[in-house]
Amino acid sequence: MGLELRQQLKLSQQLVMTPQLQQAIKLLQLSRLELLETVQQELLENPFLDETETETEVPDKTEVLTESQAEEELVRNADWENYLGEFSSTSKQALSRDLEMPEEGVSFEARLASKPSLEGHLNWQMRLSSFTESELAIGDVILGNLDSNGYLQASMEEIAAMVQASEEEIESVLTRIQHLDPVGVGARTPQECLLVQMEVLGYDDPILVSLVQDHLEDLEKNRYKPLARKFKISMEELKDYLDLLQTLDPMPGASFSSTEPHYVSPDVFVYKYGDDFVIILNEDGMPRLQMNTFYMDSMKGAADKEKEYFQEKMRSAAWLMKSLYQRQRTLYKVVESIVGFQRAFFEEGVTKLKPLILKEVAEDIEMHESTVSRITTSKYVSTPHGIFELKFFFNSALDLNDGSQVGSESVKALIKQMISEEDTKKPLSDERIGEILQEKLEVNIARRTVAKYRSAMGIPSSSKRKQYF
């Protein structure tokens with residue numbers, strides 16, 4: 001077999017994602033707060049971008065511009081002046097919004113105070129108590145092994161190995177820590193936690209102590225009648241004991257949890273105006289961008305190397321503004337399409353939510369499904385029935401007897417409503433809920449599907465929902 005070299009002409013197509021296109025895709029899936037942060041960062045890094053609070057002057061249309069000047073002028077004026085208002089059904093209302101007056105005095109950062117941690121709170125109490133140096137060293141190890149609920153996660157042997165102390169010394173320090181505020185912190189089991197609190201509060205009734213020591217599992221599973229027979233007390237007396245137990249805190253460290261609440265700022269507002277719905281994009285805090293005129297003018301007299309840098313930054317700034325425009329336009333079109341598909345939801349509420357998939361919205365606005373998926377990520381809409389994530393409006397379908405379909409979220413809302421209105425002494429079983437759904441909606445839904453939806457909403461089973469008193 002002989003080897004030879006040949007020249008061959010080959011024509012092929014290849015899809016290449018430029019950095020600008022990657023940036024546009026990234027902007028699509030950013031949340032509103034992330035977008036604000038990205039725009040602020042670009043304002044710091046790109047000298048051609050400028051933030052303006054006033055409207056840009058409209059250029060004299062009678063002025064004759066050369067082709068290059070016209071392109072430059074187009075870039076210069078491609079700001080955010082009108083595009084938010086363009087996608088707002090009531091731009092005049094948005095423009096008339098009162099501006100917040102900056103507060104005088106101390107800066108906002110200076111008014112913040114850090115939230116005390118559980119470890120810091122206990123450490124502070126230990127330093128103010130009569131702990132010796134060796135006891136403080138043991139206490140520091142104990143505090144370092146507490147979980148977010150205040151329970152000790154290390155065994156006596158492990159702590160003894162860490163501080164080179166006997167288990168009796170560790171037990172003594174642990175007992176003193178359990179009596180600090182919050183009482184019961186450092187316990188190893190829920191029983192120990194509750195018993196410490198009962199000791200401090202003076203609850204020494206033998207039946208109450210026995211309920212905590214030996215029958216917490218029976219209480220959790222509502223086995224009240226066997227307990228009443230065992231202790232030879234009436235159900236009313238047992239209820240008094242349960243009321244007393246409910247005043248105790250089984251998770252004493254939970255109030256010091258460092259988990260911060262997640263605040264949501266809606267990206268879009270949907271209001272009802274007459275018989276129609278008005279869509280307004282949230283522009284609160286969004287800077288208005290324009291090209292920096294000083295650097296635009298400086299380009300004319302710049303050297304070749306500087307001009308190359310200027311042109312790169314100018315293109316980057318123009319592409320950013322174009323990408324932001326596209327993002328807002330896409331968001332508006334997607335919300336407009338969702339309002340069209342889910343009009344019954346906006347009129348009457350969650351129970352009227354229809355099944356919807358990304359493909360239907362993508363075909364409606366003539367965009368790709370991936371674009372719809374990205375623009376609905378981490379975006380929230382404020383509706384007359386509350387704030388919802390855009391992905392909430394996309395849900396699977398359940399078949400009805402008449403051949404039509406109903407959205408799974410509507411079924412979940414109905415299940416939640418039925419359980420909230422049920423007789424707590426005779427809670428509805430999953431099978432009964434399925435039968436009621438069959439009667440009301442004529443939907444074929446299995447008992448296990450009801451159980452799956454109920455569990456997804458964090459609702460316990462009927463046996464755990466039943467109240468005996």
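Gln 164 is exposed, with a relative accessible area of 68%. Exposed here means over 50%, buried means under 20%, and partly exposed lies in between, with a 1.4 Å probe and protein chains only. Gln 164 is in the loop between helix H8 (156-163) and H9. Its phi is positive, about 55 degrees, although Gln 164 is not a glycine.

Some ground rules before I go on. This is a predicted model, where local features need pLDDT of at least 70 and side-chain atom pairs count only at pLDDT 80 or more, while totals for chains, interfaces and linings use all residues. Residues are numbered from 1 along each chain as its sequence is written, and side-chain values use heavy atoms, with hydrogens and water left out. Helices are DSSP runs of H or I, at least four residues, numbered from the N terminus.

Back to the backbone. Most residues other than glycine have a negative phi, and most peptide bonds are trans. Lys 232 also has a positive phi, near 55 degrees. Lys 232 is in the loop between helix H13 (224-231) and helix H14 (235-245). At 76% relative accessibility, Lys 232 is exposed.

Which peptide bond is cis? The one from Asp 181 to Pro 182, with omega near -5 degrees. Pro 182 is in the loop between helix H9 (167-178) and helix H10 (190-201).

Next, helix H6, residues 118-128. Its buried residues are Leu 118, His 121, Leu 122, Gln 125 and Met 126. Seen down the axis of H6, these fall within an arc of 135 degrees, so they line one face of the helix. That arc is taken from the directions from the helix axis to the C-beta atoms. On the other side of H6, Trp 124 and Leu 128 are exposed.

Now salt bridges. The criterion is a side-chain nitrogen of Lys or Arg within 4 Å of a carboxyl oxygen of Asp or Glu. How many are there in the whole structure? The search finds 16.

Take helix H14. The side chains of Lys 239 and Asp 243 form a salt bridge, 3.1 Å from N to O. Both residues lie in H14, 4 residues apart, about one turn of the helix. Lys 239 is partly exposed at 30% relative accessibility. Asp 243 is partly exposed as well, at 34%.

Then there is Glu 422 with Arg 465, with the closest N and O atoms 2.8 Å apart. This pair links distant parts of the chain, 43 residues apart. Glu 422 is in the loop between helix H20 (408-420) and helix H21 (430-440), and Arg 465 is in helix H23 (residues 462-465). Buried or exposed? Both Glu 422 and Arg 465 are buried.

Arg 432 and Glu 439 form another salt bridge, at 3.8 Å between the closest N and O atoms. Arg 432 is partly exposed at 33%, while Glu 439 is exposed at 56%. There is also a network of salt bridges, linking Lys 272, Asp 276, Arg 343 and Glu 347.

Last, the surface. Glu 336, Glu 360, Glu 363, Asp 364, Glu 366 and Glu 369 form a negative patch. Patch residues have over 30% relative accessible area and no salt bridge, and like charges are joined within 9 Å. Asp and Glu count as negative. A charge is placed at CG of Asp or CD of Glu. Areas come from the Shrake-Rupley method. Helix H18 (residues 358-365) gives the most to the patch, with 3 residues. Glu 336 sits in helix H16 (residues 304-341). Glu 336 is partly exposed, at 43%.

Methods. Patch = residues over 30% accessible without salt bridge, like charges linked within 9 Å, V, L, I, M, F, W, Y side chains within 5 Å. Areas by Shrake-Rupley, 256 points an atom, 1.4 Å probe, with all protein chains shown as cover. Helix = DSSP H or I, 4+ residues; strand = E, 2+ residues; numbered from the N terminus.
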